[in-house]
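Dear colleague,

Please find below the structure that I am handing over to you, together with its sequence. My notes on what was found in it follow directly after.

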Amino acid sequence: MDRKAVYNIALGLLIALSPIACAKPPEPVYQEQLFALGALVDITLWGVKPDLARRAAAGVTEDFNNIHNTWHAWQSSALTRINEQLKNSDPFVIDAELLPFLKRARELSLASGGLFNPALGKLIALWGYHSDERAPGPPPAAAAIAGLVARQPTMKDLLIEGARLHALNPALQLDMGGIGQGYAADIAVKRLRGFGIENALINASGDIRVIGKHGSRPWVIGIRDPHGPGIIASIELQGDESIVTSGDYERYFTYRGQRYHHILDPRTGYPSLGASSVTVLHDNATVADAASTALMVAGPKHWHETARAMGVTQVMLIGTQGTVHISPALAKRMRFEKTPAPKIQLSPSL
Ligand code: AMP
Ligand code: MG
């Protein structure tokens, strides 16, 4: 199933759990969809007058399009121009407005011990993921993968001094795909608040940030079952919270019966092993997005250490065999929706 389907599940659940109001007037919900960053984005506003809602949604659309055009990894963008310049060892100056996101990505990468590694652009391209649809065919040659892994590009190799960038490793190529949607959801919420909007949900194909409530009740989010149809669990969010899921089902290809997904382990150069999906709940969607990618790579045995290092406490990792590993803080809130219930392994407190 692709990202669109994940979105439909979240939306379907939201609708399914709306109170049935036969006699009451319809709820003041405004919804709009757009396509950006390779995915459907759903804007839901509660209790906002239609005219204001339309203007706010137009602002959010502009933000998403701007992020798409700035950070696109393979269509001509500010990022592809930066990547061209990073190939030389000379420092160069970039637009000041690009700096905060680059710095944030660098910090989060260092905090993850390099498991979230946006310096991996060359490897992601080698796997064929720098295209809207990966062409069918075999995985890359083992020697080509090993060659890139040996060059070890990391965010430590990216020096940011004032507005100057300097790559210490010519193998460094940036790809913000592991963090872009979370970042966009945070920017969108800032924009909505600028319009005085207090109750909203932004769903960038499974990367979700909410503010306020859905009327008198919390927002209800469905978490996709990575091994079957429908949702495995649901959770109520309110106030100011984000929930982000990374999964091996989002982008993958199959070759000779073997599935290869899009989240790569920087240590091996191959798709990460052990986790089918990771969900992170945090107040900030950018952090949750970087962490969900990093914890996919960390896998079922080591995710606690990476979660602690990144400062996230509400995590659910679904292993490739279906075991649900969950932190106590998230277990308290998550409602499992399948019978029989999955095997649940509670982690130590994070
Ligand atoms: P997400 O769905 O947030 O986990 O992001 C997955 C995307 O992040 C992939 O499609 C790649 O563009 C990129 N990516 C893959 N592996 C990594 C990694 N180890 N660190 C950072 N980004 C990655
Ligand atoms: Mg991510």
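Strands β4 and β5 (residues 164-167) run antiparallel and are joined by 4 bridges. Here strands (E, at least two residues) and helices (H or I, at least four residues) are DSSP runs, numbered from the N terminus, and two strands pair if DSSP finds at least two bridges between them.

This is a predicted model, in which local features need pLDDT of at least 70 and side-chain atom pairs count only at pLDDT 80 or more, while totals for chains, interfaces and linings use all residues. Residues are numbered from 1 along each chain as its sequence is written, chains are lettered from A and ligands numbered from 1 in the order in which they are written, and side-chain values use heavy atoms, with hydrogens and water left out.

**The sheet**

In β4, L158 and I160 form the covered face, whereas L159 and E161 form the uncovered one.

S112 is found in the loop between α4 and α5 (121-126). S112 has a relative accessible area of 4% and is therefore buried (under 20% relative accessible area; exposed is over 50% and partly exposed in between, with a 1.4 Å probe and protein chains only). Leaving aside residues up to four places away in sequence, S112 touches A294, T306 and M310 (contact means heavy atoms within 4.5 Å). A polar atom of the S112 side chain lies 3.2 Å from the backbone nitrogen of L115.

**Ligand 1**

There are 19 residues around ligand 1, of which N117, S246, H262, L264 and T293 come nearest (a heavy atom within 4 Å). Helix α8 (residues 285-310) gives the largest share of this shell, with 3 residues. Nitrogen atoms of ligand 1 lie 2.7 Å from a backbone N or O atom of N117 and 2.8 Å from a polar backbone atom of L264. An oxygen atom of ligand 1 lies 3.0 Å from a backbone N or O atom of G178. The protein buries 95% of the 500 Å² that ligand 1 exposes when taken alone (Shrake-Rupley method, 1.4 Å probe).

Yours sincerely

Definitions and conventions:
Polar contact = N/O pair within 3.5 Å; in protein donor to acceptor, adjacent residues only side chain to side chain.
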